[in-house]
Amino acid sequence: QIVDSAYLPVHTPTIKKKEYHSSILFPTKSKSHRFFLTTFTAPTKCHQCTSLMVGLIRQGYACDACGFSCHTTCVEKAPQDCPVSSQQKKAALCLDPQEGMGTAYEGHVWIPKKAGVKKGWQRALAIVCDFKLFLYNMDEEKDSKPNVVVSQVIDMRDGAFSVTSVWPSDSIPVRRKEMPRMFKVTASQLSVPGNRYSVPILADSEDDKCEWVGVLSDLHKMLRKSHCRDRSVYVFREAYDSSLPLIKTTQTAAIIDHKRIALGNEEGLFVVHVTIDEIIRVGDMKKIHQIELIPCGQTVAVISGRSRHVQLFPMSALDGRKTDIHKLEETKGCQTMTSGTVCQGARTCLCVARKSQVFCYELFQSKEISHRKFKELRIPTSVQWMAIFSEQLCVGFQSGFLRYPLRREGIPYRMLHSHDPTLSFITHQPEDALCAVEISSIEYLLCFRSIGIYTDNRGLRSRAVELMWPATPTCCRYNAPYLSVYSENAVDIFDVNSMEWIQTVPLKKVRPLNSEGSLNILLSETIRLIYFKNKMTNGDELVFPETSDNHQKQMVQHLHSKCRYSFRVPTGKGKPPTGL
């Protein structure tokens, strides 16, 4: 049995009651407009503030009578008269230089195709809005509309932002006759000297190119004069030498301490000591799919092998000590796991999902691995995400999230109330669950493939405004208070409290390796292990060694230990291990 949470007369402290009962949720009586929440299928600007209505669905409101369109947050500011006169509508291009809000320029350009500029050019709509350059792909048909999914975003607040014409010395493989019409926009990528990300752009004419370069340069100067604060929170560092063979096939990772990283790949589980270039192989496991460090129980759990079993072993094994590895037989074929504590930290739990089942184990601290299964849960459909919140197991599945009590027996509660009409759209179309975030004890953020929704502990909507993704996400990771949303061409960072979109990381083909999203694999031409360093925290979670692409370095096996290696340029009789 699944029920809605009991009614509790509480309100989320982050929202005012006035906003909660605004025209966004209910028809507005004070205005003559007939506003309806709308999903726009092409990039659309707000008629009130001129900024883009970014998102995949439900981006804003449109008047059914006059077509006036605006953000959810701009509905109350819209002119009362319907239809809106042309004098009352803000110009299509209107920028507030103090706030940086609004659209400054737009036009059609050409950008490199997905396979690179050598394969030709892709038609695109370029919009300069909110001091960002948005690029939307278009079909090559004459009257085609641009896709609502943002192809690329470049933030002009980036410290390395620049716009210049393209010259032969830039070594971009294009035809000579295209060169006069080309310019490039550059931003930072990794925090190493000279590591920049540039997008070559082809204008329709040389005059158009000069116009684009002039507009972007002037806006960048305006931005610098206004001393607009840098809102970015992450800088990106290479965690270890990209020439380490293990990195190329890494599927999962974990930070053990500030000097050690655990890497899981096809060959097994390895601990890399980043400061002394020492590597330890843990056990003889193969195909590591997920690593879960459980400090409270001094235990490590991994999903490994073709059969995808959960295996447990003490954390002392990470130091190279020989220990017993305990396999949980009934977890065969599992897809994910999560751990946490209940009873105010007195008990350590491990929850393992296998299709639509979840096995809950209590782990005991002792010299040997000890556990007991205390609960087995049935989920309505296959589990897509899990985490332990406030002594409850939160489970995400298609078009829904449930909270299961762990301390006691009890029925699960829906995190989307079945009687809230403003949330019914989620159940009308299949929506993959990406993750949930516990904002406070009475508010949650539920992240689906196309949108993010705030609900209270009854499952009712807590905020009228929804979180909008610029591009279709592949996954989400949360490291309080920042949500990282991964897509094909970038990682977008949101502050879950203020709902601000504060940073775009222009890293293509990047994938998170741990639950916080601090360790990532960059699947570029040179595969790299990337660490997202939070600028707001004191000290480093990880020591950063000097990295190089020295391909002479190899994993050299120690003479007296088959599980220990040094990563260095080999000397003497040291031989790299086979298969690594």
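**Entry 1**

I began with the open sheet, where three strands run in the order E2-E3-E4 with antiparallel pairing. I took strands (E, at least two residues) and helices (H or I, at least four) as DSSP runs numbered from the N terminus, and I called two strands paired if DSSP finds at least two bridges between them. This is a predicted model, so I kept local features to pLDDT of at least 70 and side-chain atom pairs to pLDDT 80 or more, while totals for chains, interfaces and linings use all residues. Residues are numbered from 1 along each chain as its sequence is written, and side-chain values use heavy atoms, with hydrogens and water left out.

**Entry 1**

For burial I used relative accessible area: buried is under 20%, exposed over 50%, partly exposed in between, with a 1.4 Å probe and protein chains only. This core has 46 residues, and Phe134, Phe401, Leu445 and Leu483 touch the most other members. Strand E30 gives the largest share, six residues. Domain 1 (31–89) and domain 2 (103–225) both contribute, so the core lies between them; the domain bounds come from an automatic or database assignment.

I then followed Leu445, setting aside its neighbours within four places in sequence: its contacts (heavy atoms within 4.5 Å) include Cys435, Val437, Ile453, Leu483 and Val496. Apart from this core lies another of 25 residues, among them Leu133, Leu135, Met156 and Tyr197.

**Entry 2: helix H2**

H2 (residues 206–225) has 20 residues and reaches 29 Å from first C-alpha to last, close to the 28 Å expected from 1.5 Å times one less than its number of residues. Its buried residues include Trp212, Val213, Leu216, Leu219 and Leu223. Down the axis of H2 they fall within an arc of 165° (by directions from the helix axis to the C-beta atoms), so they line one face. On the other side I noted Asp207, Lys221 and Lys225 as exposed. After H2 comes His227, with a positive phi near 55°.

**Entry 3: the whole chain**

I finished with totals: the protein chain holds four helices and 41 strands, and 55% of its 580 residues count as buried.

Terms used
A nonpolar core is a set of buried Ala, Val, Leu, Ile, Met, Phe, Trp, Tyr and Cys residues joined through side-chain atoms within 4.5 Å.
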